[in-house]
Amino acid sequence: MDFETRAIHEGQEPDPATGSVIPPIYQTSTYIHEEVGKHKGYVYSRSANPTRTALETCLASLEGATHGFAFASGMGATTTVMQLVNPGDRTVCVNDVYGGTYRLFSKVLEPKGYGFAYPGVDDVAGAIDEQTTLVWLETPTNPMMNVVDIRAVSEAAHAVGALVVVDNTFATPYLQRPLELGADIVVHSTTKYLGGHSDVIGGFAGTSDPSIAERLGFLQNSLGAVPGPFDSWLVLRGLKTLAVRMDRHCANARRIAEWLEGHPAVSLVRYPGLASHPHHEVARAQMSDFGGMISFEVAGGKDAALTVLRETELWLLAESLGGVESLIEQPAAMTHASTADSPFPVPENLIRLSVGIESADDLLADLEQALAKAPAAARAS
Ligand SMILES: Cc1ncc(COP(=O)(O)O)c(C=O)c1O
């Protein structure tokens with residue numbers, strides 16, 4: 001079955017007890033045993049819960065994974081996956097990742113003796129050596145919108161027996177399926193496009209390798225960073241409309257990126273769908289469309305960027321992304337403040353847009369009036 005059909009039906013048979021078309025929210029912590037050792041497959045909701053199972057089954061199918069594991073947050077998924085490596089192991093992580101991922105790696109794991117290397121986006125394959133056990137990719141990256149060649153990096157990693165993990169939050173499985181490109185594990189912050197409505201925090205990890213799946217299932221239960229049934233249900237509901245939402249996110253973003261590229265107050269637009277993007281060809285090869293995230297640099301510098309952020313009305317000044325409503329933010333001071341002391345700080349004049357599914361005309365009009373207020377002298381620079 002096609003993606004759109006699986007998004008609505010996979011793992012979601014009508015409830016056998018009542019015929020409910022929508023999977024119920026099984027708000028229970030425990031399950032009756034008929035006798036010791038005899039039960040219906042559910043024992044305790046940290047280990048498994050039917051609403052969570054429906055989400056895990058559906059999202060695994062969308063990623064082309066045989067096994068899926070839901071988590072209480074994207075960071076819960078990342079933390080759990082990172083338990084696949086041990087102190088002394090070397091992880092190669094592309095040098096442009098979500099600030100919270102970098103914080104976990106540099107401030108929690110590194111001090112415990114885990115090794116990390118942070119190569120540039122074009123140098124990841126070259127940084128993989130015999131000591132490397134895991135490669136962590138994000139693509140497109142947050143917030144610089146770089147694109148990493150998943151297939152090329154996977155080949156280099158597998159040559160030394162290293163695992164490849166791809167954070168697919170920005171693209172979603174509708175636009176990019178890392179496992180089909182050679183990655184071993186795909187992770188998500190389901191808080192974003194998969195939930196889609198800015199009303200839930202969640203995470204996911206999927207794989208088609210049975211031994212990784214067995215270990216991840218063990219770790220999911222052992223570490224316990226699992227989502228509750230209501231949060232699982234919200235993400236599952238979000239998946240049903242993922243395809244139509246993503247089509248609109250992509251169409252709106254393309255129009256806005258092209259418009260920004262011609263604006264005199266904008267010095268650089270980072271959107272993989274633009275022919276000017278340095279990784280446009282790789283993006284075309286591994287993505288079916290280019291997503292709803294855009295970053296751009298304001299010609300007048302930090303103050304001009306802050307003016308734009310202050311002046312938009314429809315674009316809401318907020319962290320996070322992937323919801324139906326458009327958001328605007330300054331990564332350097334907001335989502336990526338935790339990378340300030342890193343070897344890869346983000347420019348202070350960078351604005352990140354999460355393009356929603358409102359009318360593109362309204363979104364453009366609001367950006368236009370805000371950019372017009374950016375300091376004029378700076379605009380000319
Ligand atoms: C690309 C990416 N990965 C992971 C995360 C972490 O997800 P969560 O906030 O659900 O823990 C985020 C959060 O912004 C993100 O943008």
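Modeller: Start with the polar contact: a pair of N or O atoms within 3.5 Å, where within protein one must be able to donate a hydrogen and the other to accept it, and residues adjacent in sequence count only if both atoms are side-chain atoms. This is a predicted model, in which local features need pLDDT of at least 70 and side-chain atom pairs count only at pLDDT 80 or more, while totals for chains, interfaces and linings use all residues. Residues are numbered from 1 along each chain as its sequence is written, and side-chain values use heavy atoms, with hydrogens and water left out.

Biologist: What makes the side chains of Gln12 and Lys240 a polar contact?

Modeller: The distance is 2.7 Å, and the cut-off is 3.5 Å. A polar atom of the Gln12 side chain also lies 3.5 Å from the backbone oxygen of Ile8.

Biologist: Why is Gln12 called buried?

Modeller: Buried means under 20% relative accessible area, exposed over 50%, and partly exposed in between, with a 1.4 Å probe and protein chains only. Gln12 has 6% relative accessibility, so the residue counts as buried. Gln12 sits in the loop between helix 1 (3–9) and helix 2 (50–62); helices (H or I, at least four residues) and strands (E, at least two) are DSSP runs, numbered from the N terminus.

Biologist: Why does Asp289 count as buried?

Modeller: Its relative accessibility is 15%, so Asp289 falls in the buried class. Asp289 is in the loop between helix 11 (280–286) and strand 9 (293–298). Its side chain makes a polar contact with the side chain of Arg254 at 2.7 Å.

Biologist: What does Asp289 touch?

Modeller: Leu175, Cys250 and Arg254, not counting residues up to four places away in sequence. Contact means heavy atoms within 4.5 Å.

Biologist: Why is Gly196 called buried?

Modeller: Gly196 has a relative accessible area of 0%, and therefore counts as buried. Gly196 lies in the loop between strand 6 (185–189) and strand 7 (203–207). Leaving out residues up to four places away in sequence, Gly196 touches Arg245, Gly322, Gly323 and Val324.

Biologist: What makes a set of residues a nonpolar core?

Modeller: The members are buried Ala, Val, Leu, Ile, Met, Phe, Trp, Tyr and Cys residues joined through side-chain atoms within 4.5 Å. The largest such core has 106 residues, of which Val135, Trp136, Ile256, Leu260, Ile294 and Leu353 touch the most other members. Helix 10 (residues 242–261) gives the most to this core, with 8 residues. Ile256 touches residues including Ile294, Trp315 and Leu353. In soluble globular proteins, nonpolar side chains tend to be buried together.

Biologist: How do you know which residues are around the ligand?

Modeller: A residue is near a molecule or strand if one of its heavy atoms lies within 4 Å of it. There are 13 such residues around the ligand, and Met75, Asp167, Ser189, Thr191 and Lys192 come nearest.
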